[in-house]
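Visitor: Before we discuss anything, could you put the model on the screen for me?
Guide: Here it is, and your questions can follow.

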Amino acid sequence: MRSQDHRRLRPALSRMRRGPFAWIACAAVAATALALADAATAAEPIATLRAAAIDQEPDAPAMMRQSNKDLRRARNYPEQPPTIPHKIRGYQINLKTNKCMSCHSRMAVEQSQAPMVSITHFMDRDGQVLASVTSRRYFCTQCHVPQLEVRPLIENTFVDVDTLLKKGN
Ligand code: HEC
Ligand code: HEC
């Protein structure tokens, strides 16, 4: 959008340079350009989150509480890795142990009543189903994340595809 503005501004500027009130017009255009630049910065409040000079190291914000409602959440689209509805603090995933699998593995779910990792988690890159979870899916938190009980940092305008489909009909 900004490059389009430039394209519109440039011919306007050259036309004005020829006119008698060129300098007034130029000042007006410059003011508009400044206002546009201001609006662009205002739309990115995330840039000001640091709230300290670049050479200062402020205290880190307090750790937020992890959501632990144990209720599975809707996915925003079918391929979304579901977010984790329970806290995972202290759950280790390394070469020797995978705490997640102690509840989510095929054998563990009878005891834990957790949903089993899906069949895609057993597939290698050629779609071949392996006997155990593939190394590509071993580090669960690469894709699955717990949630915090906080207000969103910036406004989110995401629209679910089901809402879009309804609008289209
Ligand atoms: C003590 C057992 C246990 C452990 C350990 C555990 N989970 Fe869970 N998990 C559950 C249960 C039970 C559910 C079902 C919802 C609930 O009760 O919280 C669940 C739900 C989930 C879901 C939501 C699935 C869906 O379809 O919405 C994800 C994702 C998940 N867990 C990921 C993980 C990851 C990643 C780890 C390791 C960091 C982990 N879990 C460790 C028991 C466990
Ligand atoms: C590379 C990304 C990735 C990794 C790593 C990964 N998952 Fe998933 N997971 C997904 C996606 C995407 C889905 C939803 C689509 C599907 O089932 O494949 C999913 C689905 C799930 C589900 C829901 C299954 C269902 O049938 O409702 C659970 C539970 C789960 N994962 C647990 C785990 C655990 C535990 C690990 C670690 C051992 C793990 N995942 C590692 C991407 C990942």
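Visitor: Leaving aside neighbours within four places in sequence, which residues is cysteine 100 in contact with?
Guide: In this predicted model, side-chain atom pairs count only at pLDDT 80 or more and local features need pLDDT of at least 70, whereas totals for chains, interfaces and linings use all residues. Residues are numbered from 1 along each chain as its sequence is written, and chains are lettered from A and ligands numbered from 1 in the order in which they are written. Two residues are in contact if their C-beta atoms, placed from the backbone, lie within 7 Å. Beyond four places in sequence, the contacts of cysteine 100 are Tyr91, Ile93 and Cys140.

Visitor: Does cysteine 100 count as buried or exposed, and what count decides it?
Guide: Cysteine 100 is found in the loop between helix 2 (22-42) and helix 3, where helices (H or I, at least four residues) and strands (E, at least two) are DSSP runs numbered from the N terminus. A residue is buried if 20 or more other C-beta atoms, placed from the backbone, lie within 10 Å of its own, exposed if 12 or fewer, and partly exposed in between. Because cysteine 100 has 22 C-beta neighbours inside 10 Å, it counts as buried.

Visitor: Which residues are closest to ligand 1?
Guide: A residue is near a molecule if its C-beta atom, placed from the backbone, lies within 6 Å of it. Helix 3 (residues 101-104) gives the most to the shell around ligand 1, with three residues. Of the 20 residues that surround ligand 1, the closest are Pro82, Cys100, Cys103, Ala114 and Cys140.

Visitor: How do the residues of the shell around ligand 2 divide into nonpolar, polar and charged?
Guide: Ligand 2 has 20 residues around it, and Pro81, Ser118, Thr120, Cys140 and Cys143 come nearest. Ala, Val, Leu, Ile, Met, Phe, Trp, Tyr, Cys and Pro count as nonpolar, Asp, Glu, Lys and Arg as charged, and the others, Gly among them, as polar. For the shell around ligand 1 the division is 10 nonpolar, seven polar and three charged. For the shell around ligand 2 it is 11 nonpolar, seven polar and two charged.

Visitor: What separates the C-alpha atoms of cysteine 143 and proline 82?
Guide: Cysteine 143 has its place in the loop between helix 4 and helix 5, and it is exposed because 11 other C-beta atoms lie within 10 Å. Along the chain, cysteine 143 and proline 82 are 61 residues apart, while their C-alpha atoms are separated by 8.6 Å.

Visitor: What phi does glutamine 113 have?
Guide: Glutamine 113 lies in the loop between helix 4 (109-112) and helix 5 (161-168), and it counts as exposed because it has 8 C-beta neighbours inside 10 Å. Although glutamine 113 is not a glycine, its phi is positive, at about 60 degrees.
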